[in-house]
Amino acid sequence: METTLVYDGTFDGFLTCVFTAYEMKLKAVSMVNEKLFQEPLFGTSEVIITEQEKANRVWAGLKKKMSSNELRRFYYAFLSENPTVETTLYQAILYVFASTKNVASDFGNVHILELSKLTKNVGREKHRMEAFVRFKLTKDVIYFANIAPDFNVLPLLKNHFEKRYADQKWLIYDLKRKYGIYYDLQTTELISLELDANFDPSKTSSAIFAPIELEFQQLWKDYFRSTNIKSRKNMKLHIQHVPKRYWKYLSEKQ
Amino acid sequence: MSFERVQEKLNILADAAKYDVSCSSSGSNRTNKNKGLGDASASGICHTYTEDGRCVSLLKILLTNHCIFDCAYCVTRKSNDIKRAAFKVQEVVDLTINFYRRNYIEGLFLSSGIFKSADYTMERLVAVAKKLRLEENFNGYIHLKSIPGASDELMREAGLYADRLSVNIEIPTEKGLKLLAPDKNRADFIKPMEKVKNEIILYKNEKKLIKSTPKYAPAGQSTQMIVGASGESDMQIMYTSNYFYKNFNLKRVYYSGYVPISYDTRLPQIGTPVPMLRENRLYQTDWLLRFYGFNIEEILNEQNQSLDLDIDPKLGWALRNLHEFPVDINKADKRMLARIPGLGMKSVFKILNARRYRQLNWDHLKSIGVALNRAQYFIVCASNQFERRDLTSEKIKGLILQNSKSKYTAMLSNQLNLFG
């Protein structure tokens with residue numbers, strides 16, 4: 001009979017599930033985020049409380065089996081929020097622990113290959129956000145950007161933006177997942193925001209943003225237009241590189 | 001700064017700079033220091049793409065489009081009747097900083113028309129970079145154009161502030177240069193390139209002894225050639241390119257399909273399509289040389305002076321060298337795997353990893369992402385199914401073209417008419 005382990009949606013929560021599955025020697029097991037959980041018709045379910053120590057033990061165990069690059073793939077893939085990612089990861093973990101040599105790059109194994117594809121998707125989305133974040137200067141001198149990425153990549157962005165914008169306050173907010181990261185010139189923290197009901201993320205309201213902000217947006221738009229070569233127009237390629245779903249937050253595409 | 005004036009200048013000087021195709025912002029190792037602004041150590045980022053599908057990664061502008069030269073292929077040539085403008089040093093600095101803070105760009109790519117003299121122009125370019133680095137503590141990417149004929153002292157200084165320097169050769173052959181840009185000579189292009197090359201070698205040696213040696217052009221040098229303006233062959237272009245890669249340690253050579261901008265009878269007329277497909281084949285060849293271990297003589301030689309437009313250069317090579325195939329996916333070395341049509345270096349990497357665990361068959365190759373429609377005629381794997389017929393090159397080419405759809409199909413029929 002299948003057991004469903006319900007966890008809180010965090011990576012540590014998932015790793016705690018893996019620990020539990022090994023500890024209880026569960027044969028048929030699946031893991032599901034509590035937000036998506038529905039009581040199964042058959043089988044049993046159990047709520048798993050996240051325990052840092054158990055999560056750390058699983059992570060440390062994986063670490064012994066592979067390089068740090070390969071290890072990172074497991075975290076990246078998890079952030080994809082793919083509906084079957086728990087199964088993919090769990091199957092890959094079973095395979096890794098069952099093998100005596102390092103199999104984390106055995107792309108002939110379906111789970112490892114699937115994991116590497118999810119990793120690639122998340123990595124690409126992270127890179128896109130590093131490119132597509134457009135900061136707008138607010139009246140209280142914070143550079144503010146809103147995004148709505150396909151995957152939960154905000155935790156992966158912290159490092160990149162900290163290194164780059166060390167001398168300005170900035171805030172990147174994920175509208176889809178309703179949390180942001182804020183850098184106050186010293187440290188970067190996760191925050192949640194109460195956005196005003198009238199706040200339109202695709203506009204630059206003069207109530208919130210600095211007057212000079214609109215001028216630079218205009219210059220950027222002009223630059224974007226001037227640097228295009230009309231006789232080489234290739235909209236298919238353009239849309240392939242900048243898919244339409246990202247346009248709403250790109251000032252040059254407004 | 002006055003918004004309207006800067007806006008007008010930006011429109012003119014961005015428009016004039018757009019024919020320079022270099023957009024790279026990678027290859028540097030400049031990190032953020034003293035909690036300043038910017039970091040150029042990561043891989044390059046394209047912040048957006050124009051409607052022609054080209055990457056926008058740097059603020060690419062001319063300092064001025066006033067120019068004392070009259071090169072036929074150039075839109076800012078002296079005799080062309082266009083609006084002229086010039087930025088002040090501070091205006092470029094302000095634009096760069098403010099664009100960078102909003103995450104629009106990775107940095108600045110500053111070029112210029114030549115006004116007064118080469119040194120006078122180069123001095124202004126260096127002044128912008130210096131101000132960004134020393135006054136604004138800007139650690140983003142800076143690409144400066146080396147002005148042909150600029151003095152060694154200025155080139156030395158430029159490299160201290162810039163990540164990359166480039167001189168565009170533009171015309172691949174000396175004969176073409178004489179015809180289209182009679183006031184310029186090859187030696188003027190070579191001089192700053194030579195100086196920068198030597199400084200980079202010097203820097204690398206000193207760095208080994210003294211760790212605090214100031215950085216010198218960490219992202220190296222690049223150049224650009226115009227394709228299709230002076231009747232040169234693919235072989236001439238790629239041999240020139242190869243020469244510059246080998247002798248000047250260039251990081252990149254860019255190929256820019258000529259966009260007709262003049263009614264000069266020495267050049268393709270306005271309305272002639274940009275040779276984008278040919279440009280693409282040249283880039284593919286460039287990649288084969290730099291990443292796939294090919295020698296230029298294998299791809300272009302006296303018998304084959306131009307690249308096929310309907311198939312990629314690797315497939316072209318394979319069809320001329322059928323005696324090297326079929327290759328066993330489970331046994332071949334990396335060099336030979338990289339030579340199989342339909343395999344990129346990422347697939348090669350995955351195959352090398354995956355075959356350590358098991359013999360790979362067609363299903364494995366397919367899920368790894370190999371383009372089997374091309375590769376199938378050239379490989380055997382762990383399967384008793386493989387191409388048994390003794391096919392000729394023409395036959396294989398026909399089968400591949402029949403079973404594949406190229407994004408260039410429409411353009412291909414057009415261009416074949418042009419060149420045929």
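This is a predicted model: local features need pLDDT of at least 70, side-chain atom pairs count only at pLDDT 80 or more; totals for chains, interfaces and linings use all residues.
Student: Which residues of chain B does UniProt list as a domain?

Tutor: An unreviewed UniProt entry gives residues 57-284 of chain B as "domain: Elp3/MiaA/NifB-like radical SAM core". That span is 42% helix and 14% strand, where helices (H or I, at least four residues) and strands (E, at least two) are DSSP runs numbered from the N terminus.

Student: Why is B:E170 called buried?

Tutor: A residue is buried if 20 or more other C-beta atoms, placed from the backbone, lie within 10 Å of its own; 12 or fewer makes it exposed, and anything in between partly exposed. B:E170 has 23 C-beta neighbours inside 10 Å, so it counts as buried.

Student: Where does B:E170 sit, and what does it touch beyond its sequence neighbours?

Tutor: You'll find B:E170 in the loop between strand 6 (164-166) and helix 5 (174-180) of chain B. Leaving out neighbours within four places in sequence, B:E170 is in contact with B:Y73, B:Q224, B:M225 and B:I226; contact means C-beta atoms, placed from the backbone, within 7 Å. B:Y73 is 97 residues away from B:E170 in sequence, yet their C-alpha atoms are 9.0 Å apart.

Student: How many residues meet where the two chains touch?

Tutor: 44 residues of chain B are in contact with 40 residues of chain A. Helix 1 of chain B gives the largest share of chain B's side, six residues.

Student: How do you know that strand 7 and strand 8 of chain A pair?

Tutor: Pairing takes at least two DSSP bridges between two strands. Strand 7 (residues 179-183) and strand 8 (residues 188-191) of chain A share four bridges and run antiparallel, so they pass that test. For example, A:I181 stands opposite A:L190. The two strands form a hairpin with four residues between them, and A:L185 in the turn has a positive phi of about 85 degrees.

Student: What makes strand 2 and strand 3 of chain A edge strands?

Tutor: They belong to an open sheet of three strands in the order 2-1-3, with parallel pairing. Strand 2 (29-33) and strand 3 (44-47) of chain A each pair on one side only.

Conventions:
Residues are numbered from 1 along each chain as its sequence is written. Chains are lettered from A and ligands numbered from 1 in the order in which they are written. UniProt positions are given in the numbering used here, feature names are shortened, and annotations may be inferred rather than shown by experiment.
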